[in-house]
Amino acid sequence: MFLQYLKRIRFVLLWSLLCAGIFFLIFVLEEINLKAAVYPTVLCLAFGLLFLLCGYLRYKKTGQKLEHLLQGEGPYEDSLPVAQDGIESGYQELIRKEEQQQRKEHARWEKSGQDMEDYYATWVHQIKAPIAVMNVLLQQEDTETNQNLKAELFRVEQYVEMALGYVRLDSGTKDLVIAQYPLDEIVRKSIRKYAGQFIRRRIRLIYEGTDQIVLTDEKWLSLIIEQLLSNAVKYTLKGTVTIIVSEEKKLTVTDTGMGIAPEDLPRIFEKGYTGYNGRMERKSTGIGLYLSQMAAKKLGHQITVVSKLGEGSSFTIDLAEYPLRTE
């Protein structure tokens, strides 16, 4: 830092040396006794070193404060060091104006995001009414056509919920209600929601229950489980879907479906990535698993997958760890 300070005041040092050289040259040309210059020279050097030291200490203090500010995230407006001159004052004024503008833009962006979230929440609640009415109408006659329409209507409702979850994904922790929940209730609620799909596809579901209590958010964990069940139903033409909860609080959903190609496994949680199965089915949006993974990270959980093409897949949610405290 001292070398940086010397570089900053290099023109002052050069000017001082130039003045000293001029005085020395005049003394020599006028044949003045150089001893007369010793005392003032010593005083000039002493005061010069004192000013140099004070300037360096002030420069070092300012540098350390700026370095500390750079490690933070702002705002910096009220924490900037005292300006040493008009140029520094001008730069600091520019920083203040930029921060004020940034705060205005951030507030406008947050309001826009909140408005969009409110709109989608309202839209979801409104669209559920005609969906419920259509479900009632379709239940009046138990025909194959009505069964197919009910299945498609269920998919519509699922996509509606997914849209709302996607919008709320970036809402931070304000949308979380963290508490201790019986895992069995959450799992059975999700199973009941997809029971019609399992019956329609004639897929056997195996779940023996669990007495585990987990620290999570019920709504977001339900979204994850439902997405895994949705994929299991979608890609299992026949066979079984098994849900197992281990003593280590790991929930595993295993199906005997199409499986996942090895080249697709590293990318199945990417947004918009459908993979080989998704391209074959032509129904995959590439959002479901991405949303599940993001929700899991939001909760502090972890999703892993093991799969073999043509034999099925196993998705595991690790519910044992959680970085936040209960409310």
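In helix α4 (residues 86–138), D115 and K111 are four residues apart, which means that about one helical turn separates them; helices here are DSSP runs of H or I with at least four residues, numbered from the N terminus. The side chains of D115 and K111 meet in a salt bridge of 3.1 Å, N to O, the term being used for a side-chain nitrogen of Lys or Arg within 4 Å of a carboxyl oxygen of Asp or Glu. D115 is partly exposed at 38% relative accessible area, whereas K111 is exposed at 54% (buried is under 20%, exposed over 50%, and partly exposed in between, with a 1.4 Å probe and protein chains only).

The model is predicted, with local features needing pLDDT of at least 70 and side-chain atom pairs counting only at pLDDT 80 or more, while totals for chains, interfaces and linings use all residues. Residues are numbered from 1 along each chain as its sequence is written, and side-chain values use heavy atoms, leaving out hydrogens and water.

By the salt-bridge rule, the count comes to nine. Among them is the pair R155 and E152, whose closest N and O atoms are 3.0 Å apart. These two residues lie three apart in helix α5 (residues 144–168), so about one helical turn separates R155 from E152. R155 is partly exposed at 22% relative accessibility, and E152 is partly exposed at 40%. R267 also forms a salt bridge, with E270, at 3.1 Å between the closest N and O atoms. Here R267 is partly exposed at 37% relative accessibility, as is E270 at 35%.
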